[in-house]
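Q: I'd like to take a close look at one part of this protein and then see how the rest is put together around it. Could you walk me through it step by step?

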Amino acid sequence: MLRERFKKTTGVFWGGTEEEEKKKPQVPDGMFRKCESCGKMIYEEDLCENLYCCPECGKNFRIDPWKRIAIVTDRDSFEEWDGEVSGENPLNFPDYEEKKQTLREQTGLTDAVITGCASIRGMKTAIGVMSPDFLMGSMGTAVGERITRMIERATQMRLPIILFCCSGGARMQEGIFSLMQMAKTSQALKRHDEAGLLYVSVLTDPTTGGVTASFAMLGDVILAEPGAMIGFAGARVIRQTIGQKLPEGFQSAEFLVKHGFVDRIVKREQMRKTLAVLLQSCGSC
């Protein structure tokens, strides 16, 4: 009897019939979002106006590459490079191709990074933006190839580089082929550096694994968004390996600034201005 009384009924709330519930005002999907940090419900339009930062606690929401590009670059200045470059399934990992295809349809992205060139306050730069929505920004062969090509093209054109990093690390479905991208991107950055050109790395939430161990931490200037999680291995793995208690918040942007791994934390509304100052001062624009 009690089981029947508390049985879930699709579309019907307590205290009303299905017809009565249909007459109640409905909140459209996507109108509000909940902040994971403070729990505040935020109207989507207010969140957009606040550059996808919580107006209550300031938490930076994860955003897709196109929003990021719109926030930091001059209007209509972005030109995409190598969007056709795609990876394969070198290990014949089960359902990998199907998963990528589903994500392409859901996100409109072909892989986890967009690269190209744009201007920021009139100064031209190569720019790459990683996406948390495509396999958590993991680095496979396509991601490594796009970033390497961007770096090589920027070196040839004598352009500075700005790269927004966001990644769960190397893509496990591609195994050693994914790990090879660490060396490839790092070598390209070395040549870019030898040409006397600026590279600015911007670490967003999260930046971890093989991406942290390669191009993310090789910037001439390393910036980070507030509260971003930045690290190599997960906290549990480190704790079990060294057998010690870890400092509070040791993988946060704030902790890394304090210990000299990151140069500066920059709020999202200040990012465009900060990048413009760096581009202006580098003398290569």
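Is Gln 173 buried or exposed, and what is its relative accessible area?

A: Happy to! Keep in mind that what you see is a predicted model. Gln 173 has a relative accessible area of 8%, and buried means under 20%, so Gln 173 counts as buried.

Where does this residue sit? Look in the loop that links strand S6 (161-167) to helix H7 (175-194), and there you will find Gln 173. Setting aside residues within four places in sequence, its contacts are Asn 89, Leu 91, Phe 93, Tyr 96 and Leu 135.

Now step back for the overall picture. The chain has 285 residues, and 45% of them count as buried. If you take the contacts between residues at least 6 apart in sequence, 67% of them join residues at least 24 apart.

S6 belongs to an open sheet of seven strands, ordered S3-S4-S5-S6-S7-S8-S9, with mixed pairing. Strand S3 (79-81) and strand S9 (264-265) are at the edges; each has a single partner strand, so one side of each has no neighbour in the sheet. Helix H11 (residues 268-282) packs on this sheet, where it touches S4, strand S5 (123-130), S6, strand S7 (199-207), strand S8 (221-224) and S9. The direction of H11 makes about 175° with that of S8.

Here is how some of the strands pair up. S3 and strand S4 (residues 113-120) are antiparallel, with three bridges, and Glu 79 stands opposite Cys 117 in S4. S5 and S6 are parallel, with four bridges; here Val 129 faces Phe 164 in S6. S7 and S8 also run parallel and are joined by four bridges, with Leu 203 opposite Ala 224 in S8. S8 and S9 run parallel too, over two bridges, and Leu 223 has Arg 264 in S9 as its bridge partner. In S8, Val 221 and Leu 223 point one way and Ile 222 and Ala 224 the other way, and all are buried.

In soluble globular proteins, nonpolar side chains tend to be buried together. The largest nonpolar core here holds 66 residues, and those touching the most other members are Ile 162, Phe 164, Val 200, Phe 215, Leu 223 and Leu 275. S6 gives this core its largest share, six residues. Take Val 200 as an example: beyond its neighbours within four places in sequence, it contacts Ile 161, Ile 162, Leu 163, Val 221, Leu 223, Leu 275 and Leu 278.

Helix H6 (residues 141-157) packs with H7 at an angle of about 10°, and their axes are 9 Å apart. That angle makes H6 roughly parallel to H7. From H6, residues in the contact include Ile 147, Ile 151 and Ala 154, and from H7 they include Phe 177, Ala 188 and Leu 189. By class, this contact has six nonpolar, seven polar and four charged residues.

For another helix pair, look at helix H4 (residues 65-72), which packs with H11 at about 60°, with axes 9 Å apart. H4 and H11 are therefore oblique to each other. Arg 68, Ile 71 and Val 72 of H4 meet Arg 268, Met 271, Arg 272 and Leu 275 of H11. The contact of H4 with H11 divides into four nonpolar, no polar and three charged residues.

One last stop is Gly 209, in helix H8 (residues 209-212). Gly 209 counts as buried, at 10% relative accessibility. Not counting residues up to four places away in sequence, Gly 209 touches Gly 169, Gly 231 and Phe 232. The C-alpha atoms of Gly 209 and Gly 234 are separated by 8.5 Å, with the two residues 25 apart along the chain.

Note on methods: Residues are numbered from 1 along each chain as its sequence is written. This is a predicted model: local features need pLDDT of at least 70, side-chain atom pairs count only at pLDDT 80 or more; totals for chains, interfaces and linings use all residues. Side-chain values use heavy atoms; hydrogens and water are left out. Buried means under 20% relative accessible area, exposed over 50%, partly exposed in between (1.4 Å probe, protein chains only). Contact means heavy atoms within 4.5 Å. A nonpolar core is a set of buried Ala, Val, Leu, Ile, Met, Phe, Trp, Tyr and Cys residues joined through side-chain atoms within 4.5 Å. Two strands pair if DSSP finds at least two bridges between them. Axes are lines fitted to C-alpha atoms, for helices over the stretch in contact, and angles run from 0 to 180 degrees between N-to-C directions. Angles under 35 degrees count as roughly parallel, over 145 as roughly antiparallel, 65 to 115 as roughly perpendicular and the rest as oblique. Ala, Val, Leu, Ile, Met, Phe, Trp, Tyr, Cys and Pro count as nonpolar, Asp, Glu, Lys and Arg as charged, and the others, Gly among them, as polar.
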